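Here are a few exercises to work through with the sequence and the model side by side. Try each task before you read its solution.

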Amino acid sequence: PDQLLSYPAIDEDTDDMLAITVTDDTLFEKRKYGIIEPIDGPGMYAQSIDLVLVPLLAFDKHGYRVGYGKGYYDKFFKECREDMLKIGFSFFEAEDAIDDVNAMDVKLDYCITPEKIYDFINSHG
């Protein structure tokens with residue numbers, strides 16, 4: 001099957017994050033929070049997504065991340081398949097622990113840094 005690429009966009013009516021399928025012709029504009037998002041294109045069902053590249057500010061050795069404080073990704077992940085891969089990218093190595101982890105936080109499966117690939121699926125930390 002064809003591979004589809006989607007970008008996150010915030011639905012201004014519901015304040016939920018959506019996955020919008022993009023092509024070479026997709027138009028983007030700076031929207032809420034100054035983030036560049038697609039302004040047109042079909043939405044993708046969360047259950048059909050295989051992999052998400054997750055933005056973060058920091059992460060810990062257990063796979064928890066500090067995002068940008070709005071909870072959009074954690075809320076979106078609750079709609080996705082349990083086996084969907086969540087991969088973070090960081091310029092920095094893992095912290096020992098994130099202090100304010102709560103029940104809404106969803107762990108990463110992997111995080112890639114310049115020095116190491118952290119595997120939270122097969123680790124027991």
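**Exercise 1: Aromatic pairs**

The structure holds six aromatic pairs. Keep in mind that this is a predicted model.

Task: Work out how tyrosine 7 and phenylalanine 28 are arranged as an aromatic pair, and which strands they lie in.

Solution. 
- Step 1: Start with the geometry. The ring centres of tyrosine 7 and phenylalanine 28 are 5.1 Å apart, and their planes make an angle of 70 degrees.
- Step 2: Classify the pair. Planes over 60 degrees apart count as edge-to-face, so tyrosine 7 and phenylalanine 28 form an edge-to-face pair.
- Step 3: Find the strands. Tyrosine 7 belongs to strand β1 and phenylalanine 28 to strand β3 (residues 28-30), so the pair ties together parts that are 21 residues apart in sequence.
- Step 4: Tyrosine 7 is partly exposed at 36% relative accessibility, and phenylalanine 28 is partly exposed at 34%.

Task: Now do likewise for phenylalanine 59 and tyrosine 118: are they buried or exposed?

Solution. 
- Step 1: These rings also make an edge-to-face pair, with 5.1 Å from centre to centre and 80 degrees between the planes.
- Step 2: Phenylalanine 59 sits in strand β6 and tyrosine 118 in strand β10, so parts that are 59 residues apart in sequence are tied together.
- Step 3: Both phenylalanine 59 and tyrosine 118 are buried.
- Step 4: Ring pairs link Phe59 and Tyr118 with Phe120 into a cluster.

**Exercise 2: Strands and their partners**

Task: Describe the open sheet that contains β5 and β10, and find its edges.

Solution. 
- Step 1: The sheet has four strands in the order β5-β8-β9-β10, with mixed pairing.
- Step 2: Its edge strands are β5 (51-54) and β10 (117-119), each of which pairs on one side only.
- Step 3: On average, neighbouring strands of this sheet are turned by 20 degrees against each other, direction ignored.
- Step 4: Zoom in on one pairing. Four bridges join β5 to strand β8 (residues 85-89) in the parallel sense, and valine 52 stands opposite lysine 86 in β8.

Task: Explain what can be said about the surroundings of strand β2 (residues 17-22) and about its pairing with strand β1.

Solution. 
- Step 1: Five of the six residues of β2 are buried, so this strand is largely enclosed by the rest of the structure.
- Step 2: Strand β1 (residues 5-10) runs antiparallel to β2, and six bridges join the two. Proline 8 has alanine 19 in β2 as its bridge partner.
- Step 3: β1 and β2 form a hairpin with six residues between them, and aspartate 15 in the turn has a positive phi of about 65 degrees.

**Exercise 3: Salt bridges**

Task: Among the nine salt bridges in the whole structure, find the partners of arginine 31 and see how exposed they are.

Solution. 
- Step 1: Arginine 31 forms a salt bridge with glutamate 29, with 4.0 Å between the closest N and O atoms. Arginine 31 also meets glutamate 37 in a salt bridge at 3.7 Å, N to O.
- Step 2: Arginine 31 is partly exposed at 23% relative accessible area, as is glutamate 29 at 39%. Glutamate 37 is buried, at 2%.

Task: Locate lysine 61 and aspartate 96, which form a salt bridge.

Solution. 
- Step 1: Their closest N and O atoms are 3.0 Å apart.
- Step 2: Lysine 61 is in the loop between β6 (58-59) and β7 (65-66), and aspartate 96 in the loop between β8 and β9 (110-112); the two are 35 residues apart.

Definitions and conventions
Residues are numbered from 1 along each chain as its sequence is written. This is a predicted model: local features need pLDDT of at least 70, side-chain atom pairs count only at pLDDT 80 or more; totals for chains, interfaces and linings use all residues. Side-chain values use heavy atoms; hydrogens and water are left out. Two strands pair if DSSP finds at least two bridges between them. Axes are lines fitted to C-alpha atoms, for helices over the stretch in contact, and angles run from 0 to 180 degrees between N-to-C directions. Buried means under 20% relative accessible area, exposed over 50%, partly exposed in between (1.4 Å probe, protein chains only). A salt bridge is a side-chain nitrogen of Lys or Arg within 4 Å of a carboxyl oxygen of Asp or Glu. Rings of Phe, Tyr and Trp (its six-membered ring) pair if their centres lie within 6.5 Å; planes under 30 degrees apart count as stacked, over 60 as edge-to-face and the rest as tilted.
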